Amino acid sequence: MSHQTDIKRITAPEIARRKGGEPIVVLTAYHAQSARLLDPHVDILMVGDSLGMVMHGLETTVPVPLDLMIAHAQAVMRASERALVVVDMPFGSYEESPAVAFRSAARIMKETGCGAVKLEGGVSMAETIAYLTGRGIPVMGHIGMTPQAVNQLGGFAARGRHRAEWSRFEEDAIAVAGSGAFSMVIEAVAEPLAARITQEVRIPTIGIGASAACDGQVLVLEDMLGLTPRVPKFVKEYAQLRVAVEDAVKAYARDVRARTFPSEEHTYPVLDEAPRTAKKNEFSVG
Ligand code: KIV
């Protein structure tokens, strides 16, 4: 934001120190309006690449480009001043090599002013996370169900529901934490696995569909507001805005068709006084 305020933004190290403490509150924000509303109430505003699906109607997050993430993150930064803003690195912007990841992450940090980036992957991304964190870029990891791998996984189903799979996810978590990440998202896994991981790592875990055992929670804003037509099992709808929006739009359409909107209250009246003209020399200097 261009103006100076006394409010200090929450930093990635502050979030890291919250391990085992007061639960960390995270919501996604993709634009200025929601960022402004959410900022006083959350610890982290997450500019998730889910914006490709929620805002742009894509089937998956795979096609989301880096430029789009940067544009949305800039809007969120302009309208917030307190919450840590974490920006997702989109598919294709970091997997190739640590150096490629650094270039993409540096663009995100420089062009948005955000406080951290997030990337998906466990053991396979450990080297990249260490490369970024060793060069001044705070990284949030993301393990469990990793939506950018949807084509490899064959869908968005929950992971780690069989004990036999747990060690793989625990290895991912330990690799992410050991690489210097300040926190990690655990998405859509069975509760006992999330609880084990949360106990095993020294950084906060942020759950989405991963139970209350995590150190914090994240939801997609549009899901919890009841704007999304179909939501996963783990979403609690705290409002029914879909219904409210439909009712409002129906009422507006009815009023426009009946010519009852705009009424006098919403119409500019004619002014009786003559327009005020500048007095002689009023605007001249000296
Ligand atoms: O893309 C996203 O919004 C996310 C969060 C929900 C964790 O990754």
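This is a predicted model: local features need pLDDT of at least 70, side-chain atom pairs count only at pLDDT 80 or more; totals for chains, interfaces and linings use all residues.
When I say strands pair, I mean DSSP finds at least two bridges between them.

Residues are numbered from 1 along each chain as its sequence is written, and side-chain values use heavy atoms, with hydrogens and water left out.

Back to β8. On strand β7, residues 205–208, we get parallel pairing with β8 over two bridges, and isoleucine 206 stands opposite glycine 216. Zoom out, and you have a closed barrel of eight strands with parallel pairing, in the order β1-β2-β3-β4-β5-β6-β7-β8. On average, neighbouring strands are turned by 25° against each other, ignoring direction. Helix α8, residues 166–178, packs on that sheet, touching β5 (139–144) and β6 (183–187), and its direction makes about 175° with that of β5. Contact there means heavy atoms within 4.5 Å; axes are lines fitted to C-alpha atoms, for helices over the stretch in contact, with angles from 0 to 180 degrees between N-to-C directions.

Now the ligand. Which residues surround it? They are Thr28, Gly48, Asp49, Ser50, Asp88, Lys118, His142, Val185 and Ile208, where the criterion is a heavy atom within 4 Å. For polar contacts, take pairs of N or O atoms within 3.5 Å; within protein, one must be able to donate a hydrogen and the other to accept it, and residues adjacent in sequence count only if both atoms are side-chain atoms. A polar side-chain atom of aspartate 49 lies 3.0 Å from a ligand oxygen. For serine 50, the distance from a side-chain N or O atom to a ligand oxygen is 2.5 Å, and for lysine 118 it is 2.9 Å. Taken alone, the ligand exposes 250 Å², and the protein buries 96% of that. Those areas are Shrake-Rupley with a 1.4 Å probe; for residues, only the protein chains shown count as cover.

Most residues other than glycine have a negative phi, and most peptide bonds are trans. Serine 211, though, has phi near 80°, a positive value in a non-glycine residue, and that serine 211 is in the loop between β7 and β8. Arginine 259 also has a positive phi, about 55°, and is found in the segment after α11. Where is proline 262? Proline 262 is in the segment after α11 (241–257) too, and a cis peptide bond joins phenylalanine 261 to proline 262, with omega about 0°.

Terms used:
Helices (H or I, at least four residues) and strands (E, at least two) are DSSP runs, numbered from the N terminus.
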